Amino acid sequence: MSDTLRHVSRALPHDSARKHVAGTAAYVDDLPEPHGTLHLAIGLSPAARGRLIDLGIDAVRAAPGVVAVLTADDIPGRNDIAPSLNDEPLLATDRVLYFGQPIFLVVATTRDAARLAARLARPVVEKETPSVTIEDALARGETVLPDYAFGRGNVAPALADAPLRAQGQFRIGGQEHFYLEGQVALAIPGEDGEMLVHSSTQHPTEVQHVVARILGVPQALVTCETRRMGGAFGGKESQATQWAALAALAAHATRRACKLRLDRDDDMQITGKRHDMRADWDIGFDSDGLIHAIDLQLNARCGCSADLSQGVVDRAMFHADNAYFLPVVDIRSKRLKTDSVSNTAFRGFGGPQGMLAMERMIDAVAWSLGKDPLDVRKANLYRPGHDETPYGMRVTDADTIHAIIATLEETAHYRERRAEIAAFNAQSPVLKKGLALTPVKFGISFTLKALNQAGALVNVYADGSVRLNHGGTEMGQGLYQKIAQLVADEFGIGIERVRITATTTAKVPNTSPTAASAGTDLNGMAAIVACREIKARLAAYAATLWECDADDIVFAEDALSAGNRRMSFKDAAASAIRERISLSSTGFYATPDLTWERDKGRGRPFYYFAYGAACSEVIVDMLTGENRVTRVDILHDVGRSLNPAIDMGQIEGGFVQGMGWLTTEELVYDSDGRLRTHAPSTYKIPVASDVPEHFQVMLHPGANREATVHRSKAVGEPPLMLAISVFAALCDALHSLAPGKLVPLDAPATPEAILRAARQIAPGDLF
Amino acid sequence: MPRRELRFLRRGRVISLSGFAPTTTVLDWLRLDERSTGTKEGCAEGDCGACTIVVARLRDGQLVHEPINACIALLASLDGAELITVEDLADGDTLHPVQEAMVKHHGAQCGFCTPGIVMSLFALHHAHEGEIDRARVETALAGNLCRCTGYKPIIAAALEGCARPADDVFARSASTRMAALAELDDGRSLFVGDEDRFFAAPATVDGLAELVLRYPDAQLVAGATDVGLWMTKGLRRFDRMISVQRVTELTHLETDDEEIRIGAAVSLAAAASVLGDLDDDLATMLARFGSQQIRAAGTVGGNIGNGSPIGDLAPCLIALGAILELRRGDRIRTLPLEDFFLAYRKQDREPGEFITRIIVPRPGPQDLIRVTKISKRRDEDISAMLMALRLTVDEGRIATARLAFGGMAGIPCRAPAAEDVLKGHVLADAALWRRAAAALAEDLQPLSDLRASADYRMQVAQNAVIKALAEMAGIPSHITRIVPRREVHHV
Ligand SMILES: Cc1cc2nc3c(=O)[nH]c(=O)nc-3n(C[C@H](O)[C@H](O)[C@H](O)COP(=O)(O)OP(=O)(O)OC[C@H]3O[C@@H](n4cnc5c(N)ncnc54)[C@H](O)[C@@H]3O)c2cc1C
Ligand code: FES
Ligand code: FES
């Protein structure tokens with residue numbers, strides 16, 4: 001009906017841009033506190049594994065300002081915050097599961113009083129040796145979920161018959177989210193056991209459910225509201241619930257508003273991270289670099305509970321092909337239990353790890369053949385006749401990735417630079433350059449089918465202003481803005497009339513997390529459905545008035561019109577209300593065509609794929625391991641962009657975050673299972689000077705072939721994996737030290753890891 | 001008589017406070033007392049920059065705007081200054097030029113880092129440096145983490161928003177603000193609280209000496225970039241705090257042909273301008289020391305007084321042959337800086353004694369200097385290893401060698417065995433470089449920790465020595481390092 005787009009596809013600023021820069025955008029900790037608000041601090045387990053003998057909290061109770069000290073015994077409902085299995089308590093009971101696990105909760109009059117009191121505890125734990133590493137867990141044989149595998153063909157003979165073969169073990173580090181706003185919740189008790197929780201969460205519904213479970217009240221009594229998050233990246237998908245539930249527990253116990261904001265060091269210690277993995281790989285190939293068979297075992301360090309590890313590790317497996325056809329393949333996985341905080345969602349949700357393992361194998365093939373890795377990449381891409389993934393889904397639009405790579409190879413001058421770099425390296429003893437161009441193919445949809453649904457509630461008021469509610473949450477990704485643009489164009493009105501509101505479970509219930517990059521695909525569609533329902537009612541009304549066909553009514557330029565008849569949107573709204581027409585509607589959307597059957601390991605788990613490629617150049621000091629990324633060119637596919645500025649921001653930000661994961665971000669645990677890099681002083685995410693001046697991002701033109709909102713594609717996660725090009729470029733630089741050798745570089749490529757790898761393959765003096 | 005209340009300028013008014021705890025931070029005062037929530041807490045340890053505020057002061061008659069980490073800055077450190085926060089920048093509905101540029105370039109996604117970034121850019125906007133290039137912007141932003149944007153739009157906003165000389169309400173009201181600040185500057189000592197719980201900031205070195213002697217258990221503090229973390233992370237609550245920052249004599253920075261005398265309370269930023277002139281490597285190291293926020297608050301005396309084995313200044317100053325001056329009561333003594341560090345976290349400093357200044361002999365024309373700082377991330381990171389080397393070379397032969405390290409032992413220390421290998425030998429002998437590097441195994445026993453393994457530390461220390469000697473012998477630095485050394489411009 002509306003064919004004029006005033007907002008969609010335009011590079012409009014984020015809805016809160018002016019508030020962000022003025023300091024007036026309110027996050028949970030900024031909300032005015034109800035009178036008498038109490039503050040919380042958590043008592044942390046002093047051991048990673050063992051029996052909890054005594055909490056040792058007498059001194060805590062006696063400390064100044066303390067109103068209450070709550071333990072597992074004070075939980076009126078079920079002591080269980082797990083998103084899937086019932087395997088994670090809110091507060092520890094008889095056993096502790098990881099270092100820093102919450103074991104009690106201090107409620108005090110001020111934040112400082114609560115924190116000071118919490119440190120007075122002297123808990124007693126009968127310690128046991130913890131499983132810290134993947135090897136520890138393998139040795140103990142402990143897992144959080146059963147092993148899982150899928151594949152095609154008979155791998156052992158295919159590997160044996162392949163003309164050439166390479167094998168290895170590759171460690172892939174985890175990653176701390178480092179959302180700038182730490183975990184926080186404010187719980188306000190209401191009458192009859194009602195509880196309102198302001199939570200910094202990607203999943204208000206989950207917070208609502210868990211709070212209801214902990215308090216033992218019906219879900220209808222609990223409301224979770226989220227206006228915005230100061231970043232989330234998956235870290236607030238399942239793991240914002242614990243803090244919200246603790247705040248609610250305290251509010252329930254004291255009948256006063258209660259706030260819990262984690263200190264950064266605590267936040268980093270006691271919230272889950274990206275899963276670190278060990279990939280055990282074996283590849284058979286031929287002298288053309290074509291892959292014959294792959295055997296890949298992904299050993300994932302899941303931590304103490306299942307959390308989201310089923311989906312995360314499945315997605316690692318789904319992306320272990322990246323963009324390549326693997327004729328015979330066996331992809332296996334272990335979800336290892338370690339005595340550490342449960343690892344969780346993080347942008348890419350396992351995909352990056354699977355993809356990185358694949359790219360290591362491609363590099364190994366190229367190195368052993370003396371070929372340019374890009375040629376090996378291109379030779380193995382999905383293509384007609386070779387288009388079935390290891391899980392049985394067809395890749396029908398592989399031409400997109402072929403086109404992206406071909407274009408980028410040209411625009412980034414890959415071949416010329418390859419030659420220049422070879423010449424530079426030949427005469428440079430200490431400094432070596434490296435170059436890599438790597439593709440990304442990322443599947444869009446939750447692989448748990450039930451999550452692929454969304455709801456919206458759109459209200460049009462008598463003055464023609466519109467209030468927009470949907471189940472998606474805003475964490476900086478610009479979802480609210482994109483959906484407001486969609487709604488404005490549906491109604492043909494100016495976006496200033498669309499009021500964006502906080503996400504709340506009271507208005508749109510039973511929602512999925514804002515995750516899997518699917519926020520706009522799902523909630524945008526739901527909002528459009530709601531708009532179209534209201535438009536249909538308005539059109540029907542105007543059609544009767546003007547005695548025309550409702551299909552002829554056009555919504556554009558702040559008005560309804562048909563031929564030379566015209567009525568402002570505002571007047572239409574006012575008169576429709578007088579005619580007793582409802583201008584409020586819900587909208588609902590469920591992604592079509594998904595057929596994934598996990599037990600068979602076959603089906604269509606994804607609605608479509610998003611593609612991209614990046615070409616990165618690095619320079620490495622082989623005497624120190626220090627390095628710089630000197631140039632990045634990206635070509636990425638977002639379908640028809642709903643907002644190019646927001647999409648570019650996602651691509652740039654995702655890339656840099658991925659670069660951090662693969663270079664400077666190192667999680668160091670000690671043998672007690674305690675994270676030692678639990679602060680920005682020791683855990684180093686990229687800063688401005690880590691980003692190269694030449695950092696060019698282009699959007700690949702083209703529409704999504706599936707019927708998504710305005711044929712756009714999801715953009716939240718895929719760009720993170722473009723940073724694999726940086727890791728591959730570092731490997732390429734190292735490879736120049738000893739051509740033909742397998743570069744023994746694990747991720748993250750810290751200066752130390754790089755120097756170690758360099759010395760391993762080229763032990764002599766450099767000059 | 002000391003003044004009994006803290007006074008600072010805020011939104012055109014003088015705020016006077018007396019009933020605060022000595023350990024109150026600026027951030028807590030803003031968010032919890034004033035209830036200005038625009039300034040964010042991202043880490044409470046000076047590393048993320050979300051809490052960046054700008055403190056305007058009169059320095060040598062000039063109005064300067066310094067970005068500071070409010071999370072670890074003591075409220076009382078605002079005495080005599082003007083506190084500017086993100087809420088103050090817009091002029092009614094009109095955004096400040098740096099805010100406007102941030103909106104235009106889509107420099108905020110989640111927006112949580114944004115107030116801090118805006119304040120860092122506001123400080124840069126007021127730095128009056130004329131031409132602004134990307135490198136300058138990167139330095140200005142090294143103390144601001146953003147997890148969402150990848151920085152590209154922020155850098156673009158900075159280049160646009162800070163391109164012209166400051167033209168905003170603050171620039172236009174500069175004379176009024178300067179007059180108000182001058183009014184606050186009464187040159188008096190500050191003593192807020194009572195015998196049991198106080199914050200004191202004496203105005204003279206005699207006053208300081210007396211107070212420190214009277215209260216030897218009081219926590220001495222300068223920029224609080226170390227002490228602040230003991231409060232926010234260690235939850236230490238000091239009842240008595242004595243600040244050195246208002247002591248006039250300790251803020252002096254004097255140079256002549258012979259030496260450079262740096263008062264203990266001189267900020268790292270101010271010291272950088274002088275030390276950086278001695279040698280390009282020193283300038284580079286100081287530009288990588290913490291962040292702009294940290295260098296504006298942190299002091300030379302604090303870096304040395306803290307006695308950390310990974311402090312960056314000590315090895316550099318030891319290599320330069322610096323002398324430390326200490327005072328206790330009326331007694332003043334000096335000692336070579338390396339002798340100050342006795343053992344891990346133990347220094348040659350008596351109760352009641354404090355550092356007054358550091359005296360650095362000016363390097364001569366035959367002196368060659370090299371400094372290497374190794375860290376996981378190039379900017380705003382603590383050293384895994386720092387090497388500083390000064391050679392005096394006479395007709396190709398090494399006359400004297402001072403080689404010092406940080407991060408390689410429990411204290412900043414010299415490497416005597418390696419120095420011995422070098423002394424008296426021809427510099428341009430590659431075999432000598434390797435012998436000196438090998439001798440480090442005798443001198444140093446590094447540890448493994450979260451920043452680096454002992455093995456890596458030793459390896460990069462040795463390689464740093466080889467590189468430094470090679471460069472001194474004439475191998476051009478574009479062969480030996482990613483970012484080549486600029487030409488040496490000291491006299
Ligand atoms: C984010 C961040 C980054 C940092 N980066 C670096 C870095 O790159 N390199 C590095 O070396 N350090 C770094 N530091 C540490 C710190 O900034 C320095 O040690 C700084 O120089 C301390 O100075 P200050 O004035 O803030 O000291 P304060 O914190 O005020 O004091 C530190 C100690 O010195 C004592 N002290 C202060 N003045 C005197 C005096 N006159 N006489 C005797 N004792 C005194 C104090 O009592 C205290 O024990 C960093 C810190 C942070 C928070
Ligand atoms: S809050 Fe992170 S630097 Fe202050
Ligand atoms: S915009 Fe989110 S951290 Fe910078």
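Me: Two residues are in contact if their C-beta atoms, placed from the backbone, lie within 7 Å; what makes chain B and chain A partners in contact?

Reply: This is a predicted model, in which local features need pLDDT of at least 70 and side-chain atom pairs count only at pLDDT 80 or more, while totals for chains, interfaces and linings use all residues. Residues are numbered from 1 along each chain as its sequence is written, and chains are lettered from A and ligands numbered from 1 in the order in which they are written. By that 7 Å criterion, 63 residues of chain B are in contact with 66 residues of chain A.

Me: Which helix of chain B gives the largest share of the side that touches chain A?

Reply: Helices are DSSP runs of H or I with at least four residues, and strands are runs of E with at least two, numbered from the N terminus; helix 18 of chain B gives the largest share, 5 residues.

Me: Why is ligand 1 said to lie between two domains of chain B?

Reply: Domain bounds come from an automatic or database domain assignment, and a residue is near a molecule if its C-beta atom, placed from the backbone, lies within 6 Å of it. In the shell of 30 residues around ligand 1, B:Ala222 and B:Gly302 are among the closest, and because domain 2 (190-243) and domain 3 (248-361) of chain B both give residues to this shell, ligand 1 lies between them.

Me: What makes domain 1 and domain 3 of chain A touch?

Reply: Their C-alpha centres lie 38 Å apart, yet the contact takes 18 residues from domain 1 of chain A and 14 residues from domain 3 of chain A.
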